[in-house]
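Welcome! Please look at the sequence and the 3D structure below, and then try the exercises.

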Protein chains: 2
Amino acid sequence: MDSISELRQDIVSGDWVVIATGRAKRPQDFLKSKRKPFNQPKTACPFEAMEKEPLLFYSHDGKNDSENWWVEAIPNKFPAFGKGVCETYEKKGPYKKKEGVGFHEVVVTRDHDRPLATMTEEEIELVIRVFQERYLALQAQPCIEYISIFQNQGASSGASLSHPHAQIIAIPVVPPDIGRSLRGSVTYFQEHNACVHCAVIEYEVSIKERIIYENEQMVVLSPYATKSAFEMRILPKQHNARFETTVLKDRFALADALRNALGKLYKGLDDPDYNFFLHTAPVFGVEEYRHYHWHIEILPKTSIWAGFEIGTGIEISAVTPEAAAAFLRNIIL
Amino acid sequence: MDSISELRQDIVSGDWVVIATGRAKRPQDFLKSKRKPFNQPKTACPFEAMEKEPLLFYSHDGKNDSENWWVEAIPNKFPAFGKGVCETYEKKGPYKKKEGVGFHEVVVTRDHDRPLATMTEEEIELVIRVFQERYLALQAQPCIEYISIFQNQGASSGASLSHPHAQIIAIPVVPPDIGRSLRGSVTYFQEHNACVHCAVIEYEVSIKERIIYENEQMVVLSPYATKSAFEMRILPKQHNARFETTVLKDRFALADALRNALGKLYKGLDDPDYNFFLHTAPVFGVEEYRHYHWHIEILPKTSIWAGFEIGTGIEISAVTPEAAAAFLRNIIL
């Protein structure tokens, strides 16, 4: 059986890319005239006519009630990863590749037009609960080394459907960006005998300049070295490498923090498109990674990373994180 | 005097970002309703009414003729880097920063509507000559460690003006992506006693599967581990770490390769937006970098890097480089 995709390693940087070998588009499909419009009316929304069995669902009151489901996890109809042989590497001339073994799921809420930013704390907690449950189910699968949870909101963020949804991708390698963060946090620990994210939180909470919102368990801040205007990070105040171990109380605190972060963005910048993603340690068993500290990054699409950013890896932010934090802090929901 | 910008170092990854402290926008400027339209009519094009003295110009016949200039380099009106103190680092709490010392220039051709893809080999050679001349002038400036040359073509590529133009940014650090490529090429050299890019060229030219175009000096190919659909790389066949040492004959060969690469993209995919950038060794004197091999990368904007790509650093390509190369190879200009 052919696998859905192939992971190929860049021979110079060592980074991985995914080539959709199994479901590749034809070159002609990339003509401008072939592009599909982004906003689907409810009657044409693929999430409204779901044939597949959901993997997990909750009704509004948190019950496994299939008729009154409000949030569910379903397999992605066009997955980037799927079944395959969990080999190490295959040599291909001077190059290395491996099969794109993994899982690709979608987390969808029932309301066709209602973004996460406008949901209640209780609703967002249910979405986070689905993230956590599916994370725990997928990490137990063979071959999986990392699980990425993310949301693309709006056409310019790269979403292909207007119905709000998040995605979960479980993959057989530790991603390059996560690898670099892990190495950075280990280096800091060796030099300072402390978690780098804990040190950042302590400093930021004391000076308050870049704090956007906080509750007892969570802090929302503009990072000092921000990658784009209005970037936000949500971090648990207590040291924890693993999102999937979050307890009920902290899940509600995270829902409150996420509601405030996305709500301020929605109100302050007129519903901008954004990407958010979770950074957490690789799945248990790969290594220990006790020095890591899970967090969520929210990147509004206020600009496009262009030739300089793509060519150098240096992002330019046209607003200071201090001004962005002051602006967002003062938005009252 | 306040500097135009600040380089801030990410405390975890060690990567640099640029914060436009001196010319920062107000948060309100990011409201959707404030966004400017992309296509400027010729009468409203800022390049048509240039007040500043050009830094360098050539007429169509390659002379320094200011009245009949056809291509020129000018200072960017809204630079991301500028004058400042060339210090090492300044500590700011647990963080590090330095002033955004450098240069930011624009290379513009006279025709308001005529993209590089439709120019003649002689015209493109003049553009490359301006790149090379300005590179040589800027590398002699104090504090400069890297010079990035790139072009953003079309609104979705991040360009803000529709009049075709390229940019040159000279900066006081070696960019993270370049640093990783340099380390990767040194590692390969130590293991194989050969340049990694030379090994790739030799293999690719022998199997032909991913070759799009070649002439005596240059090769245009789809990289095995492509970062996006239809990505192209142009490499000199002869080993050379430094673009700025390119001789006249090779500059014409590069112009021919670039004309074919961009022309095939323009014709085959109906004038898609794209970013192109030059990867060359850091400026002379930083280190030797003899194992590096300069090249140009062209990335058409056929998709948007979204939450998974930004969150992991793993790009997904929906067309195989083999299919992309076959498609582009067969486009006859």
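Predicted model: local features only at pLDDT ≥ 70, side-chain atom pairs only at ≥ 80, totals over all residues.

Residues are numbered from 1 along each chain as its sequence is written, while chains are lettered from A and ligands numbered from 1 in the order in which they are written.

**Exercise 1.** Find how chain B can be laid on chain A.

*Solution.* Superpose the copies by least squares on the C-alpha atoms of residues with pLDDT of at least 70 in both.

**Exercise 2.** Describe the contact between the chains.

*Solution.* Start with the term: two residues are in contact if their C-beta atoms, placed from the backbone, lie within 7 Å. Chain B gives 78 residues and chain A gives 78 residues. Next, look at helix α2 (residues 176–192) of chain B, which gives the most to the side of chain B that touches chain A, with 7 residues. Helices here are DSSP runs (H or I, at least four residues), as are strands (E, at least two), numbered from the N terminus.

**Exercise 3.** Which residue of β2(B) is the bridge partner of A:Ser317?

*Solution.* First find strand β15 (residues 315–317) of chain A and strand β2 (residues 16–19) of chain B, which run parallel and are joined by 3 bridges. Strands pair if DSSP finds at least two bridges between them. The partner of A:Ser317 is B:Ile19.
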